[in-house]
Amino acid sequence: MAGDMEEYLRPGVRTPFCPGCADRILVRLILRAIAELKIDIDRMLFVSGIGCAAWIPSPHFNADTLHTLHGRAIAFATGAKLFNPELITMVVSGDGDLAAIGGNHLIHAARRNTDLTVICVNNMVYGMTGGQVSPATPMGIFTSTTVEGNRERPFDLCKLVAAAGAEYVARYSVSQPDTLVSSIKRGLETPGFSFIEVISPCHIQFGRRNRLDTAAETLRFFAGKCLMKDEAEGLSPEELRDKIITGEFSNGRNQAD
Amino acid sequence: MAWKEVRSALPAGNYYYSGNEAAAEGAIAAGCRYYAGYPITPSSEIMEWIAVRFREVGGVFIQMEDEIASLSSVIGASWAGAKAMTATSGPGFSLMQEGIGYAAMTETPIVIVDIQRAGPATGQATRVGGGDIMQAKWGSQGDYPVIAISPWSVQEMYDQTINAFNLAERYRVPVILLAEQAVGHLRERMNVVEKIAIFNRRKEKGAAPFGAGDDGVPPMPAFGEGEKLLVTGSSHDDYGLRKVADPLVQARLTARLHNKIVNNREEIIQHEDYYAEDADVIVIAYGFTARSSLFAVEAMRREGKRVGMIRLKTIWPFADSLIRDVGSRAKKIFVPEMNRGQVAGEVMKYTCCDIIPYNQTDGEVIHPNTIMGELRRLL
């Protein structure tokens, strides 16, 4: 890890992530965004829920961390931020945590436009509990609870959160590291509710059930599905099927009209 | 010690308040400056009062999307340094249970006012109940400490809310004001004194935020103070680092959480005796039922009957040694309750004395005449 970012890591902590986990990449990318903005990490509060992604800040980040109940990270963060607005407050949690059990808090915080930066680490599955279907699992995907393939439509989380009123909404993949870092910086700099969905594949629980045998294969599979927003323009719904559209979906102008 | 004397938020004097309004004012007097809530009968007046008064005293008020979010944000605010509170009633209290366990495990000072209504489920939303006694202690999974207080008057809604904050800050524990609808909606005179004693959480730079202090209560820093805090509801060491499979860490933590309350119970538990010295039949009562009981006991004393009453002001931790003592003196113990015998069962745990429960769950308070009738049969 680059010299100036080492101090952002809690000394003596061993990472719990599986070898090849995309969340390891995200640990680095979030810290890179903070380092590039030259934010004093002691001014930051990291709040997370339950699941693999919740371990990204806690215990890795050498800062104040609040590891909360399943689904409630945004509600906990709301209390801390409202009482002490000086805390630069970032929520890092997974798709199951933020969009299923915590979905109500997500849309209401977006509606209030509370000044939080929420990183939704989307591995499209419940990784920690053994790979069950999540509200972000694409259709047809095999999970431990969709043995004939997922028949439910997933949320388009960015559309949901933008419609609820969030100030800044974006989606990028860990396979687009530089754009993702810029986006996290935009999120941190935007006053109001910022939501960044990060495609962070899980090769253990998602990959191996769907004929993606290695971490690299799983990453490549998702990288191949990602299209930038302008590339997607003009494509037919048929051509867009199974694609993941990345880019910014609301960038501060959402509230103007 | 972190006790200090402060001026009351309200000018000293008499006020004609409801119990719910008094609880809100007690919170403000104690220094509560964060409140999150969700509307529910019969507690909503607390939130409405706070919404107005926080504008004057400079507090942060938010109406959240549900009771789970309310309590979660209260815990978050407490770690940001706030004295923080929420209020609710049965259904909302049920939703808060997971958060209560989290607050106990993370040793977060918070106050919850539960204005009990007639349950179970939606029950009778506007009618009185007292069925949340056991839920207050055992509602969340695992063994964890809480303190629960049962006020019987508007004055106590004020005084005991202040006490609730002091206990929460002193012991880093969730404190529940287990009031009943009849006390929350009661309107009577309340006196505000000029100065009150309040306790603010102990701070010590660099100290382990989850280590055993002298009395089992560690100091508590806040976010933003450069302490690089690790707060988690998982089992953790003295510095908050998760240790989710270490039997020693788990055993030490759960024992300390329990002992910091139990070992200090003499300081925490409050009760009042009425004519109990020479009584053959002793009524053990709490909350609104203690008002009816006292009326009945005094009327029968005037007839020369040897009846007395013990009023439990603290429900949890339970007054075990008091009950042992009372049970060794009395011939019979009568326990009237607005539930199916939740405190009577506790009383039975600590004495072999003849215990007679009286259980009324019709959404009405227990009338003094009812208690007198029952006592006459026991004498």
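Student: Which strand of chain B is β2(A) joined to, and which way do the two run?

Tutor: β2(A) is joined by 3 bridges to strand β12 of chain B, residues 230-232, and the two strands run parallel. Please keep in mind throughout that this is a predicted model.

Student: OK, and what stands opposite A:H67?

Tutor: A:H67 faces B:T232, which belongs to β12(B).

Student: Zooming out, how many residues of each chain are in contact?

Tutor: On chain A 30 residues take part, and they are in contact with 35 residues of chain B. Between the two chains an area of about 2,700 Å² is buried, with carbon and sulfur atoms giving 62% of that area.

Student: How many salt bridges are there between the chains, then?

Tutor: The count between chain A and chain B is 2 salt bridges. One involves B:E65 and A:R112, whose closest N and O atoms are 2.6 Å apart.

Student: Switching to chain B on its own, what does the domain assignment give?

Tutor: The assignment for chain B gives domain 1, covering 3-199, and domain 2, covering 272-378. The C-alpha centres of these two domains lie 26 Å apart, and their contact takes 27 residues from domain 1 and 25 residues from domain 2.

Student: What area do they bury, and which three residues of domain 1 supply more than any other three?

Tutor: Domain 1 and domain 2 of chain B bury about 2,100 Å² between them, 58% of it on carbon and sulfur atoms. B:I133, B:S150 and B:W152 together supply 33% of the area that domain 1 buries against domain 2, which is more than any other three residues.

Student: And how many salt bridges does the rule find there?

Tutor: The rule finds 4 salt bridges across the interface of the two domains of chain B. B:E188 and B:R291 meet through their side chains in a salt bridge, at 2.9 Å from N to O.

Student: Which helix gives the most on the domain 1 side?

Tutor: On the side of domain 1 of chain B that touches domain 2, α6(B) gives the most, with 4 residues, and the residues of that side divide into 14 nonpolar, 7 polar and 6 charged.

Key. Residues numbered from 1 in each chain as written. Chains lettered and ligands numbered in written order. Predicted model: local features only at pLDDT ≥ 70, side-chain atom pairs only at ≥ 80, totals over all residues. Heavy atoms only, no water. Contact = heavy atoms within 4.5 Å. Buried area = accessible area lost by both parts, 1.4 Å probe. Pairing = 2+ DSSP bridges. Domains from an automatic or database assignment. Nonpolar A, V, L, I, M, F, W, Y, C, P; charged D, E, K, R; others polar.
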